[in-house]
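Take a look at the model below. The paragraphs after it walk through the place where its chains meet.

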Amino acid sequence: MPSTFIRLEDPDSRWVNIQIDGKATRAREGDSVAAALLAAGLRSCRTTPISGKPRAPFCMMGVCYECLVEINGVPNRQSCQITVQEGMQIRRQIGTAEGYS
Amino acid sequence: MEKHELIVIGGGPAGLAAATSAANAGVECLLIDEQATPGGQIYRAVGTIPEKRATLLGPDYQYGRKLVDQFNHSRASYLSSTTLWNLNSQRQIGILRDGKASLISADRIIIATGAMERPVPFPGWTLPGVMSAGAGQILLKSSGLVPGNGVVLAGIGPLLLLLAWQYLHAGVKIHAILDMSPAGNLWRALPYLPGALLAHHYILKGLRYQLQLKLAGVKFYSGVTEFHAVGGDTLEAVEFTHRGGRKRIDTQLLLSHFGVIPDSHLSRCAGCDHSWDPNQLCWRPVADMWDNSSVDGIAIVGDGAGIGGAVAARHAGRIAGFEAARALGRMDAKQRDIAARKDQGWMRDDLRVRPFLEARFHPPAELLSAPPDETIVCRCEEVNAGAIRTAIHSGHQDANQVKFLTRCGMGPCQGRQCDNAVSQIVARELGDEKMVSGGYRIRPPIRPLTIEQLAALDAGADPK
Amino acid sequence: MKANADVIIIGGGLMGLSTALHLGRRGIKTVVLEKESPGRHASGVNAGGLRQLNRHMAEIPLTVAAAEIWKNIRDLVDDDCDVVLNGQVRVAESDATLQKLQARVDALKAQGYEHEQIIDSDTLYRLVPKLVGGCVGALYNPDDGSARPFHAATAFRHKAIALGAEIHSGVEVLGIEESSDGWKLDTNRGTFCAATVVNCAGGWANRLAAMLGESVPLTPKAPTLMVTERLPPFLDLTVGAEGYQLSFKQMQNGTVIIGGAHLAKLDFEQEQSVIDFATLKTSAQTVTRFFPHMAQVRIVRSWAGIEGFMPDNIPVIGASSKADGIFHAFGFSAHGFQLSPVVGRIMSELILDGKTDLPIEPFDIRRFTESESQEP
């Protein structure tokens, strides 16, 4: 299925290697994690702790708290507020965050 | 506790202009920005964006670069990538930067946190594949991402046209543009047209965009009602009523927009009085002509005080900077009046178009205050309109009581997405849509703080 | 002037609603005058603790009686109020602390009370597996727990109304004076009359007491609570710790409520509180001390409620010292929630029977008003 979002050409792009749900992929330097998820073709980034229904980033500016994912083992991170870093491990969040040891 | 003369909160046009003019008048000033680079939302990434993308976004966007340059050349300091989790009536600010939480304070504070999309619940709005038009703009500006498999744009407001035009020039397939502004709006707006023509560039721009889009074959539907997003786990289509008939357009992406409203979360957290504006359909701070709020030493400017747009915001910001300089003893009232005169004039001119725009793009009452029972209103806690109405009619007759009973507004977003709707539903259910009273009580931390961040809080040497 | 009801209750929090309910059960119609909305202040925003543990000795007969009511709260208010009774512990970090708690248990036993026990560390860690290591034991009540305060207040309100109470919101009592058949109350919405008046005005109760010439040293304060994001279930019990200001519980929806009576700065006249993060810092440090796994959990909100505190930390319950037909129930010093079902019953008995079987002498208002020397 064609990706909901695609990238405009930019020859000056620099790329960053990340992992989404254990799968290696890349993001553009300066992408928010949420943007990277959408660019990678993900349609949802978590399921709700109440009904279990899937949700995805909605506002991209930090006021909706839909874009919560687990980043480097820490859950409930607002992915639209965080810039991708080399080696980042991103996981979709299923229900209530499990990632606190 | 680290103390400043002036702290400006927000790196958009109002904040940049305020910090610049205050600093240029000799005030020690710190600008706190949650973004990594200045520009706010409207001029997001203006300092770092590739040229080609900048051109795509249009000349207004590029003006932002000038503002940022002026700010960078001033003596104001800049604290980027900083989350603000508290502001209280004693002008103490809680910030979080690089994982470290601290409290700082200032003699004067200018809140310039800008606007947010008006959150309007409609059936299916929580489906993956539904985003706000503002989100589309951010993806375009910050990441060069555009819809790859078609998009429907729906709602009310000039941003839809702007985004559609930007998408058109990026080669994006636009399935349709659905305008939900009531047919009567144009008539309601007509009396304001003479005033608006003084800011004719807005109107002409809008008409030009529309023409280009129509010529390119983009379908327009106006007077759309009963709008639903439908799908199982993700968005599959939109359904709506148009000219008496029910229509459906398949799409995997919907960008909706219902205008912008001040992001009043911070100013309400600080205890500033707000009142409901029946034209802009939002809470606005109660303020004097110099934008001083009801809390001593706190001013609120730009779209965060009331929607006026980026141009008015930079003028308002500059004026607030002069007022701060006066309050901090760098100029007297007369000097401030003289310094502010030009900006006041330009701001007045720019705001002339507002009554027309507000009338033209005034959402229909039911859209905001009467979502169908099964519509999720509180996205975080998944509380639907029916549950809210049940709570109201069992004696919980204001937004806070509804919140306590249903958990509406108690989730991660702390009511940012449902506050407006719940208050309007309460007003309507109690018999008068116009009597919208105060919304949820806003309490800190307004951005989450971990327990260890709080445990390591740098509260300054100030003993409690 | 025609009476509005047999009894007027000032204050629509849980004490007032409970009183209205119990009077209603005995066929007495009441009018409740609430200056904002029912449950708006302490009753609606407290931590919901149903705690018998570690009470002041004077409160013990009341708390034990109240616990019985909470066990079967549905019988009283037709609603579960989301009561959960999984127990409460008060953790001891050291042997010396545990001995202190043991001494308390012994003293209670001597008075015939067995609702508190000492548990050893094995039992403690079985009950609270996520507790930091090194604790030696705890004071424990297996029947303590929590409810949802606003829901409880709402349930009490609905039941009181069903039993004939009339609740008036937005009505503030501005003056009170004797009249030919009882009392006349001047409010912002007109005058109300009744033979009997009950002062359940919480943080504002001394305004009324003062109007009657029996001012007491009530201090309104604003205890603060914090709540976290939702977490997977890890804790059934409520946890406190001897020597620390801590009240820590996980709700059924997974959020954790952190209390401990840390105070916000209160402007009582404006009814505004400013959260004091320097004190919450201490609270957060206490949490990480006892539950290190909570370090990266996010606090989503804090809030404060206005509550009336008495200098000896126990409430005022009983008849007025100055006037017939006036009764008081206020000053619960941040631990009234659990007592509310039985306080209403006590008030109804005092009003209708002139006495109650529970020992309320320690709560008499005279302990304050008669300490001032008054020459006859």
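Buried area is the accessible area (1.4 Å probe) that two parts lose on being put together, summed over both. L145(B), Q252(B) and E382(B) supply 16% of the area that chain B buries against chain A, more than any other three residues.

This is a predicted model: local features need pLDDT of at least 70, side-chain atom pairs count only at pLDDT 80 or more, and totals for chains, interfaces and linings use all residues. Residues are numbered from 1 along each chain as its sequence is written, chains are lettered from A in the order in which they are written, and side-chain values use heavy atoms, without hydrogens and water.

Now count the residues in contact (heavy atoms within 4.5 Å). Chain B gives 47 and chain A gives 39.

Two salt bridges link chain B and chain A. The term means a side-chain nitrogen of Lys or Arg within 4 Å of a carboxyl oxygen of Asp or Glu. E382(B) and R55(A) form a salt bridge through their side chains, at 4.0 Å from N to O.

Strands matter here too. They are DSSP runs of E, at least two residues long, numbered from the N terminus. Two strands pair if DSSP finds at least two bridges between them. Strand β1 of chain A (residues 5-7) pairs with β9(B) in the antiparallel sense, over three bridges. Which residue of β9(B) is the bridge partner of F5(A)? The partner is P147(B).

Notes
Helices (H or I, at least four residues) and strands (E, at least two) are DSSP runs, numbered from the N terminus.
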